[in-house]
Amino acid sequence: MDRDAIAADLERARVRFHQLLAAAGPDDWGGPTRGTRWTNEQLLFHMVFGYMVVQRLLPLVRLLGRLPEGVSAAYARLLNAATRPFHLVNYYGSCAAATVYNRRRMGAKLDHVIDALQRRLAQETDDDLRRGMHFPTRWDPFFTDYMTLEDVYRYPGRHFDFHARQLSFI
């Protein structure tokens with residue numbers, strides 16, 4: 001388990017996010033993104049949200065990873081069946097949340113979340129990081145059928161990098 005690489009990736013994203021916030025000009029926030037319906041500000045929040053989601057996934061993986069594998073497989077199938085409503089909530093939720101965690105607050109929110117993830121990562125055992133569960137692969141291109149806790153810690157960096165390329169001001 002390479003905790004140092006995961007921790008470094010969390011820090012890399014933190015630094016890059018603050019660079020992106022600083023690079024956005026007054027006219028950029030409401031501008032369209034490449035390949036999404038979000039504005040740049042909404043997409044930036046959605047990038048923060050990827051880290052917030054990991055905070056919620058960690059206890060779920062710890063719990064379902066202790067149960068028979070069929071439990072998480074059934075759960076993943078159920079979630080996959082709800083893909084359409086999920087995508088609507090994901091889109092509109094990020095639109096709404098960006099009004100609260102806007103350009104003035106989202107950097108501090110990301111800092112807070114990454115600090116919490118770093119503290120939790122430092123406490124994980126190798127056995128914890130190997131524990132895993134099935135995921136709804138239709139929800140996100142970076143979800144695989146089976147993900148360990150280590151995979152979940154690595155997920156937000158991939159999500160972040162993918163969406164950073166969709167910002168129109170960089």
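Student: How do you know that helix α5 has the span it should have?

Tutor: Keep in mind that this is a predicted model. Helix α5 runs over residues 106–123, which makes 18 residues, and at 1.5 Å a residue they should span 26 Å. The C-alpha atoms at its ends are 26 Å apart, so the two values agree.

Student: Which residues of α5 are buried?

Tutor: They are M106, G107, K109, L110, V113, I114, A116, L117, Q118 and L121. An α-helix has 3.6 residues a turn, so residues three or four places apart point the same way.

Student: And what do the buried residues of α5 pack against?

Tutor: Their partners are α1 (3–23), α2, α6 (126–130) and α7 (149–164).

Student: What makes the pair N40 and S168 a polar contact?

Tutor: The cut-off is 3.5 Å between N or O atoms. The side chains of N40 and S168 make their polar contact at 2.9 Å. Leaving aside neighbours within four places in sequence, N40 is also in contact with others, including D28, W29 and L167.

Student: Over to α7. Why is E150 called buried, with a value of 16%?

Tutor: E150 is found in helix α7. The limit for buried is under 20%, and E150 has a relative accessible area of 16%, so E150 is buried. Apart from neighbours within four places in sequence, E150 is in contact with M1, D2, I6 and L129.

Student: Is H159 buried or exposed?

Tutor: H159 lies in helix α7 too. At 3% relative accessibility, H159 counts as buried. Beyond neighbours within four places in sequence, H159 is in contact with H46, M47, G50, D140 and F142.

Student: Which residues lie nearest the centre of the largest pocket?

Tutor: Those are H46, F86, N90, W139 and D140, out of 34 lining residues. About 630 Å³ of space lies in that pocket.

Student: Which helix gives the most to the lining of the largest pocket?

Tutor: That's α4, with 8 residues. Helices α2, α3 (69–81), α4 (83–100) and α7 each supply at least two residues of the lining.

Student: How many nonpolar, polar and charged residues does the lining of the largest pocket have?

Tutor: By class, there are 21 nonpolar, 11 polar and 2 charged residues.

Conventions:
Residues numbered from 1 in each chain as written. Predicted model: local features only at pLDDT ≥ 70, side-chain atom pairs only at ≥ 80, totals over all residues. Heavy atoms only, no water. Polar contact = N/O pair within 3.5 Å; in protein donor to acceptor, adjacent residues only side chain to side chain. Contact = heavy atoms within 4.5 Å. Helix = DSSP H or I, 4+ residues; strand = E, 2+ residues; numbered from the N terminus. Expected span 1.5 Å × (residues − 1). Buried < 20%, exposed > 50% of the residue type's maximum accessible area, 1.4 Å probe, protein only. 1 Å grid on protein atoms, 1.4 Å probe; cavity = no way out; pocket = protein on both sides within 12 Å on 5 of 7 lines; lining within 4 Å. Points joined across faces, edges and corners; volume = space filled by probe spheres on them. Nonpolar A, V, L, I, M, F, W, Y, C, P; charged D, E, K, R; others polar.
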